[in-house]
Amino acid sequence: MQNFSYQNPTKLIFGKGTIAEVANEIPANAKVLLTYGGGSIKKNGVYDVAKKALGNRLKAEFGGIEPNPRYETLIKTLDIIKKEDIDFLLAVGGGSVLDGTKFIALAAKHTGGDPWDFMVGKSPNPKSALPVASILTLPATGSESNANFVVSRNSTQEKFGGFSPLIYPKFSILDPETTYTLPAKQTANGVVDAFVHTMEQYLTGVGGVIEFAPLQDRWAESILTTLIEQGKRGIDEPQNYEVRATLMWSATMALNGLISRGVPEDWATHGIGHELTAFYGIDHGRTLAVVMPGLWRNQFAKKKAKLAQYGHRVWGLLSQKPGQEGRDEVAYLAIEKTEEFFESLGVPTHLKDYGVDSKEAAEKISQRFTDRGFTSEHGLGENGSIGPKEIKEILESR
Ligand code: NZQ
Ligand code: ZN
């Protein structure tokens, strides 16, 4: 196991009727900006409950944060924050609203330069931020309990992730009933996203060693098994509280920093997936369903030991063939099982299903990584072995 430190300061308030708790968590004299997306919270009543809980603390609102939140939209809040002397941000929505609000929290305190600098590494260590809290309505990203934020820029077709310990939410409300109104597509996207987050911290192959962190492995396997068991039920039984609660807690646990402590992390599927969203507008979870199976086949030699473990423990796959041959067979079958799982949720796994030509996407995206200085020796993934050449192969295969 690798050395690690772990601190997650976000207070999680989980369960039915918990939005009212906002009143106990935000100081009575706070001046709050409430942020939200395209209006789902107004249709399902979450907005009214949040507004009531805030009472006089609510000084201003900002709606219209779009999926894959845009810099150009977020930056508009800075005038409101100044004018209303805002000192607390409450994000109500899915990962996009939460991430966008985290960016706003940093941008509001940023001096000397364009806040976009956070995203492109020019200003990697922000010094201060407004406090942020959230009411989550879409289990997927783990943003409610982590310090990540992903922001897109329309003018340059770019999408980047950032991290700052300053923007861990002070608290997050996780009321599973808020997710009853999710369209099947968003429920499915969320299941796939949480599944792939778990994989990025589990399905790693460094030197073929798998007896590395048995506890972390079993945590990850428990999340994967739960998502396989409950994911489709979330779509078929949208108002089943226990199912919705389980999916919500699974997604939080998949990316709150716990399962990655002491183990290598991959994140290449996310790195490539972000480009598919930036260029073609494919939903985040869906890009992952396209990329990950191709990436596993491309990196099979490095990842096959862990793939075999995953196939055996999560899918119950066994082989009649002896030794390595049998393990390789289980590893290949595990990739197929994963594709079938995504498809069973209604999430297509090939670019043509999204009207995107795989050859063109492969060219365009691998060129972008070339321009950014990536190579097969200094590339993405836990081994740094996924450069423009591998990215091209992976995308061409999809
Ligand atoms: O905008 P509204 O009207 O609220 O509708 C949203 C949006 O259209 C809708 N929705 C959300 N909750 C709903 C609902 N509709 C009905 N009922 C509800 N209860 O769902 C649509 C998608 O919302 P969005 O927030 O975009 O989805 P998601 O939570 O999947 O977030 C995606 C964003 O998060 C980033 C992604 O890259 C993407 O930009 N990620 C953030 C991460 C993080 N912070 O750690 C990690 C992830 O890997 C990911 O990159
Ligand atoms: Zn993700």
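1. The lining of the largest cavity comprises 7 nonpolar, 3 polar and 1 charged residues (Ala, Val, Leu, Ile, Met, Phe, Trp, Tyr, Cys and Pro count as nonpolar, Asp, Glu, Lys and Arg as charged, and the others, Gly among them, as polar). Its volume is about 60 Å³, and the structure holds 3 cavities of 30 Å³ or more. On a 1 Å grid over the protein atoms alone, a cavity is a set of points where a 1.4 Å probe fits but cannot get out, and lining residues have an atom within 4 Å of a point. Grid points are joined across faces, edges and corners, and the volume is the space filled by probe spheres set on the points.

2. Please keep in mind that this is a predicted model, in which local features need pLDDT of at least 70 and side-chain atom pairs count only at pLDDT 80 or more, while totals for chains, interfaces and linings use all residues. Residues are numbered from 1 along each chain as its sequence is written, chains are lettered from A and ligands numbered from 1 in the order in which they are written, and side-chain values use heavy atoms, with hydrogens and water left out.

3. Which helix gives the most to the lining of the largest cavity? That is α7, with 5 residues; α7 (184-200) and α9 (241-254) each supply at least two. Helices (H or I, at least four residues) and strands (E, at least two) are DSSP runs, numbered from the N terminus. Among the lining residues are P139, L182, L227 and R244.

4. Now to the second largest pocket, with a volume of about 280 Å³; a pocket is an open set with protein on both sides within 12 Å along at least five of seven lines. Of its 14 lining residues, L78, I81, K82, A107 and A108 are the closest to the centre. Helix α5 (residues 77-84) gives the most to this lining, with 4 residues. By class, the lining has 8 nonpolar, 2 polar and 4 charged residues.

5. Two backbone angles are worth a look. D85, in the loop between α5 and β4 (88-93), has a positive phi near 55 degrees without being a glycine. Q157, in the loop between β6 (148-153) and β7 (158-163), also is not a glycine and has a positive phi of about 50 degrees. D85 counts as partly exposed because its relative accessibility is 46%, and Q157 does so at 37% (buried means under 20% relative accessible area, exposed over 50%, partly exposed in between, with a 1.4 Å probe and protein chains only).
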